[in-house]
Amino acid sequence: MTDASLKITPLNAAHRALGARMVGFGGYDMPVQYEGVLAEHRWTREHAGLFDVSHMGQAKITGADAIAQFERFVPGDYQALKAGKQKYSLLLNAQGGIIDDLMAGRPDHDGLFVVVNAGNKDEDFAFWQANLSGDAKLTVLDDRALIAIQGPEAAEVMVAHEPVLAEFGFMDTARLMLFGVDAYVSRSGYTGEDGYEISVPAKDAERIWNLLLQDARVKPIGLGARDSLRLEAGLPLHGHDIDPTTSPVEGALTFALSKSRKEAANFNGAVRVLKELAEGPARVRVGLHVKEGAPAREGAEIADAEGQVIGKVTSGGPSPSLGKNIAMGYVPPSQAALGTALQVIVRGKPAAAEVVAMPFVAQRYHRKPKS
Amino acid sequence: MKFTKDHEWVRLEGDVATVGITKHAADQLGDVVFVETPEAGRAVSQKDGFAVVESVKAASDVYAPVSGEVIEGNDALASAPETVNADPEGAGWFAKIKVLNPAELDGLMDRAAYDQFLTTL
């Protein structure tokens, strides 16, 4: 039974045919699991997991001013981005808060291809419609599906279909004919593993999904494991770990601040971002190893060693790969050093925790040596 | 064995009730990764949250199907929470409760009624 208020992706029937358990997420009826979260998590770490991420927003920003206009609201240097590359960035409000996090790339010579979060896409697209000026035009690609294939065997699976994909390094992107259709492909993902994200016309999605599942190395993976995989990889989930009140500095996302853009200070929210870079933020996102008791989930309080509440957990749970409980949350910078002993309060009970480095599980991206 | 609408089961032997969560509940939760069972001596009232079961995704309360005093929590679940998935209505029991008022069980469903209830969800 589907909640009638939920939208569906082009792969909805395929998920149901696979016996997925469906839940509402980001306004869509999505598979949370097929055979089970733990098995799917482990399969992705060991083989290749297939994810329907068609709920995410896809769009192109084109026109002579596309990149200059896009840059006004993100802190990344997209003028310097070469065709065939993509870059993670943050859509910022005037206060330097994160409206959304996104991928934007140049798969072809026609402006930018952007992918944004499902729950924010209507807001993001409205923001760009209202704020892009000059010769820059937003075109929402709502007739496309997005499929991710992730894991150490993902490249072998994909290269068997299209040899040129072997040449891609992490964050390379292209528009090419794949499975006989016009596809946007990037070597990236949200699991910490090597893999690809593939945008295809909606009408072809089910055929391509089923074709990939014929490979014995590939299994379908639901949103449950997607969440535990990204948590282990230390990747923030917008609306939970970062939101319109958190800045890139607080969110520990300063890698997304390009040097040239910081120097020019010409992006939305630059005043706050530069001030926090110079003086330090009031709080910062850290990784926690919860050393005893129950998993600490979103909303659990974080206390210092004396029991004084200093922050909150924004994501947390068991790490299937590590066999221990991990979390991310915000604490003052004075309590953020690696090895700092803290506590998390779960159902009224304090449990020992320690600040640890993120990613919790090493990322295994396919980085090519710089030429 | 009797069942609640919150998917707990209870089996009465003398005045001691063994309680746990149903197979349906365990299947719906998916992989159980953490269980918190009550300590002996704790007084519980029917419908009180008295234990917690956690999957990868979320924590869920388990409600006492009967009132009484906990005489034993299943400590084995701390190191082997997956037992709740493997044998929810056997080795995956949560607690034994010394029952105050056996008549409380009359208000619960028998197996046939519970199975019928599941078809309405």
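Predicted model: local features only at pLDDT ≥ 70, side-chain atom pairs only at ≥ 80, totals over all residues.
Modeller: Local features here need pLDDT of at least 70 and side-chain atom pairs count only at pLDDT 80 or more, while totals for chains, interfaces and linings use all residues. Residues are numbered from 1 along each chain as its sequence is written, chains are lettered from A and ligands numbered from 1 in the order in which they are written, and side-chain values use heavy atoms, with hydrogens and water left out.

Colleague: Happy to start at the interface: how many residues does the contact take from chain A?
Modeller: Contact means heavy atoms within 4.5 Å. Chain B gives 15 residues to it, and chain A gives 17 residues.

Colleague: What area do chain B and chain A bury between them?
Modeller: Buried area is the accessible area (1.4 Å probe) that two parts lose on being put together, summed over both. Of this area, 52% is on carbon and sulfur atoms, and the figure for chain B and chain A is about 1,200 Å².

Colleague: Which residue of chain A meets Glu54(B) in a salt bridge?
Modeller: A salt bridge is a side-chain nitrogen of Lys or Arg within 4 Å of a carboxyl oxygen of Asp or Glu. The rule finds four across the interface of chain B and chain A. In one of them, at 2.9 Å from N to O, the partner of Glu54(B) is Arg347(A).

Colleague: How do the residues on the side of chain B that touches chain A divide?
Modeller: Helices (H or I, at least four residues) and strands (E, at least two) are DSSP runs, numbered from the N terminus. Helix 1 (23–29), strand 4 (32–36) and strand 6 (49–55) of chain B each supply at least two residues of that side. With Ala, Val, Leu, Ile, Met, Phe, Trp, Tyr, Cys and Pro counted as nonpolar, Asp, Glu, Lys and Arg as charged, and the others, Gly among them, as polar, the division is seven nonpolar, three polar and five charged.

Colleague: Why is one side of strand 4 and of strand 7 in chain B left without a neighbour in the sheet?
Modeller: Two strands pair if DSSP finds at least two bridges between them. Three strands of chain B form an open, antiparallel sheet in the order 4-6-7. Strand 4 and strand 7 (59–63) lack a neighbour on one side because each stands at an edge with a single partner strand.

Colleague: In which order do the six strands of the chain A barrel close?
Modeller: The pairing is antiparallel, and strand 14 (residues 284–290) pairs with strand 19 (residues 349–356) over four bridges. There, His289(A) has Glu354(A) as its bridge partner. The order is 14-17-16-15-18-19.

Colleague: Which peptide bond is cis?
Modeller: Look to the segment after strand 19 of chain A, where Pro359(A) lies. With omega near 0°, the cis bond runs from Met358(A) to Pro359(A).
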